[in-house]
Amino acid sequence: MTTLRERFMPDMKEAMKAGEKEKVAAIRLIIAALKEKDIEARGAGKGEASEDEILGVLQKMIKQRQESIAIYDANGRPELAAGERGEVAVISSYLPKQMSDEEVKAAIDKAIAETGATAVKDMGKVIGVLRGAYAGQMDFGKVSPMVKAALAG
C-alpha cells in the first residue's frame with residue numbers, strides 16, 4: 001500500500017497532464033506544507049514527518065481554508081471563497097473517511113472506558129487516545145466539547 005506521502009507527486013503529474021490547474025495548485029500547497037513540516041521534524045532530531053503528522057498538516061490546512069471561506073463569504077467575495085472550497089475538496093480527498101457523529105460518540109465512550117476517565121480533568125488522556133487511534137478521521141475541534149460534555153455527565 002502506498003503511503004500518503006507517496007501519492008502527492010503522481011497525483012500532481014496526473015492533474016498537470018489533465019490540465020487541472022486548481023488541483024495542481026492545491027497539491028503544490030500540500031507539498032510545500034509537507035516540506036516545511038519535514039524541516040521542522042529534522043530540526044527536532046526526527047526524520048521525515050510521520051503519517052499522523054501529515055494528516056495533522058492536512059487537517060490544519062483545511063481548517064485555515066474554512067476560516068478564510070467564512071471571511072470571504074461575510075465580505076461578499078464569492079469568487080475567493082470558491083477558490084478556497086476547491087482547495088478544501090482536493091486536500092480532503094487525501095484524508096481518511098470522516099467518522100459519523102454516532103461513530104465519534106462510540107469512540108469517545110470507548111476511550112473514556114479505556115482510560116478510566118471520570119472527570120473533565122481527565123480530558124487530555126481521552127483526547128490523547130482518540131488522536132492516536134483516529135487521527136484524520138475526526139475533527140478534534142468538534143470532538144473536544146463532546147468529550148467534555150461526556151465527562152461532565
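Student: What makes residues such as Glu51 and Tyr94 count as contacts of leucine 4?

Tutor: Contact means heavy atoms within 4.5 Å. Setting aside neighbours within four places in sequence, leucine 4 meets that definition with Glu51, Ile54, Leu55, Leu58 and Tyr94. The model is predicted, so local features need pLDDT of at least 70 and side-chain atom pairs count only at pLDDT 80 or more, while totals for chains, interfaces and linings use all residues. Residues are numbered from 1 along each chain as its sequence is written, and side-chain values use heavy atoms, with hydrogens and water left out.

Student: Why is helix 1 called oblique to helix 3?

Tutor: Axes are lines fitted to C-alpha atoms, for helices over the stretch in contact, with angles from 0 to 180 degrees between N-to-C directions. The axes of helix 1 and helix 3 come within 9 Å and cross at roughly 55°. Angles under 35 degrees count as roughly parallel, over 145 as roughly antiparallel, 65 to 115 as roughly perpendicular and the rest as oblique. The pair is therefore oblique. Leu4, Arg5 and Phe8 of helix 1 make this contact with Glu51, Ile54, Leu55 and Leu58 of helix 3.

Student: How are the residues of that contact divided by class?

Tutor: Ala, Val, Leu, Ile, Met, Phe, Trp, Tyr, Cys and Pro count as nonpolar, Asp, Glu, Lys and Arg as charged, and the others, Gly among them, as polar. The contact of helix 1 with helix 3 accordingly has five nonpolar, no polar and two charged residues.

Student: What makes helix 2 and helix 3 oblique?

Tutor: Their axes come within 10 Å and cross at roughly 125°. That value falls among the remaining angles, so helix 2 and helix 3 are oblique to each other. The crossing is right-handed; a crossing is left-handed if the near helix is turned anticlockwise from the far one by less than a right angle, and right-handed if clockwise. Leu29, Ile30, Ala33, Leu34 and Lys37 of helix 2 meet Glu53, Ile54, Val57, Leu58, Met61 and Arg65 of helix 3.

Student: How do you know whether glutamate 87 is buried or exposed?

Tutor: Buried means under 20% relative accessible area, exposed over 50%, and partly exposed in between (1.4 Å probe, protein chains only). Glutamate 87 has 19% and is therefore buried. This helix 4 residue is in contact with Ala26, Leu29 and Arg65, leaving aside its neighbours within four places in sequence.

Student: Why is lysine 63 placed in its accessibility class?

Tutor: Lysine 63, in helix 3, has a relative accessible area of 52%, so this residue is exposed.

Definitions and conventions
Helix = DSSP H or I, 4+ residues; strand = E, 2+ residues; numbered from the N terminus.
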